[in-house]
Amino acid sequence: MSVPPPIDAWPPGWWAVCRSRDLGSRPLGVVVNGTPLAVFRDPSGTPAALEDRCPHRMAPLSAGRATCGTIECAYHGWRFDAAGRCAAIPGLGPSDRADHETRRVAAAQTCETGGLVFASGTRELAPPYLGPLWGAQDCHAFVWRTTARGALVDIAENFLDGFHTHFVHAGLIRSGSARQRVRARVRRLPDRIEIQYTGEGQQNGLISRLFERERATTFARFVRPAIAELEYRSRTRIELAISAYFTRAQSDAVAIFAVMSVPGNALTGRLKEAAIAPFFAYALRQDRRIVELQRASIARWGGPRFTSTRLDMMRPHIARLLERDALPSDFEAVHEEELLL
Ligand code: FES
Ligand SMILES: [Fe+2]
């Protein structure tokens, strides 16, 4: 049995924990970067995240209740505040100090924005990364939550790769018969990799024919700590942005929080959401199936042995960004490629 890592061993950055709407008045048990967490709200609604383990007899704190700015253990009622300090031990008198260091629970820093609750094991100075349409007026955003089994790097690569869409999503996103000559401008920054595709025109898949007029530019990005983003632009505006926040959960399960943003007021935004959602859910299922087949095959063959071409340009950057490697000294910050997509 592997021991969960402590919160302060997490890779730096903000990790998505849950959707805002999934955290109500009851505590929630989640696993982030392999660490079980009990997440709860204080009376002002601010989320708190503690290791999900009562220091008394190790009952999971997430099975308890949130009360008076603390989480109360379901077993003997010990209470812990948002910083993990023991605030009360029922049965002890006022002369017995509750807040003894050995009774403390490790706490993560939290932040709630963009419809998501985030946690970090380090002191973050900057707020979490939010997508390009976030905060824009006349924009409607909705958040999906799903999980996939596989390595985070494989799941992120799948999300950002256009070259599987002709096969995995044949007819839905693209089809194999018609390839377009596109230009890919690759830009690497210390915290992200971004590819800008131009020359695509309209896609021949069902989703594009139903929901898109003309496509001028597509951006594909991977941003630290683990956010994959697709941004589709017409000549005048961003038509759709999908920011997928990946969080390693248990063993090889990855939680995916996909924030989809479309221009429009509340009503047209909701209509678009209702129209796009079934197609998006279907595409996600197709991706999950192939990624899980890939995972099983990698396991059966004793680990990854890949060969790549220049079409797989995202992968090495995603791997380095996840590993927090420095940029290679000979790296070109910007370069261009011509591809048949
Ligand atoms: S196990 Fe939590 S109070 Fe006893
Ligand atoms: Fe896909």
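Thr110 has its place in strand S9, which covers residues 107-113, and, like everything described here, this position belongs to a predicted model. Around Thr110 there are 18 other C-beta atoms within 10 Å, and therefore the residue counts as partly exposed, since a residue is called buried only if 20 or more such atoms lie within that distance, and exposed if there are 12 or fewer. If residues up to four places away in sequence are left aside, Thr110 touches Pro47, Ala48 and Ala49, and also Val117, Phe118 and Ala119. Ser120 is ten residues from Thr110 in sequence, and in space the two are separated by 6.4 Å from C-alpha to C-alpha.

From this single residue we can turn to a sheet. Four strands make up an open sheet, in which they follow the order S5-S6-S7-S8 with antiparallel pairing. At its edges stand strand S5 (65-67) and strand S8 (86-88), each of which pairs on one side only. On average, and with direction ignored, neighbouring strands of this sheet are turned by 40 degrees against each other. The pairing of S5 with strand S6, which covers residues 70-72, is antiparallel and runs over three bridges; looking at one position in detail, we find that Ala66 has Ile71 in S6 as its bridge partner.

Another antiparallel pair is formed by strand S12 (residues 181-189) and strand S18, which are joined by seven bridges. Within this pair, Ala184 stands opposite Glu337, a residue of S18. How many of the seven residues in strand S18 (residues 334-340) are buried? The count is zero, and the strand is accordingly described as hardly covered.

Helix H1, made of residues 152-160, packs with helix H5, made of residues 314-323, at an angle of about 140 degrees, and the axes of the two helices are 10 Å apart. Because of this angle, H1 is oblique to H5, for the roughly antiparallel class takes angles over 145 degrees. The crossing in which H1 passes H5 is right-handed. On the side of H1, the residues that meet the other helix are Leu152, Val153, Ala156, Glu157 and Leu160, while H5 brings Met314, Arg315, Ile318, Ala319 and Leu322 to the contact. Sorted by class, the contact of H1 with H5 contains eight nonpolar residues and two charged ones, with no polar residues.

Terms used:
Residues numbered from 1 in each chain as written. Chains lettered and ligands numbered in written order. Predicted model: local features only at pLDDT ≥ 70, side-chain atom pairs only at ≥ 80, totals over all residues. Contact = placed C-beta atoms within 7 Å. Pairing = 2+ DSSP bridges. Axes fitted to C-alpha atoms, helices over the stretch in contact; angles between N-to-C directions. Parallel < 35°, antiparallel > 145°, perpendicular 65-115°, else oblique. Left-handed = near helix turned anticlockwise from the far one by under 90°. Nonpolar A, V, L, I, M, F, W, Y, C, P; charged D, E, K, R; others polar.
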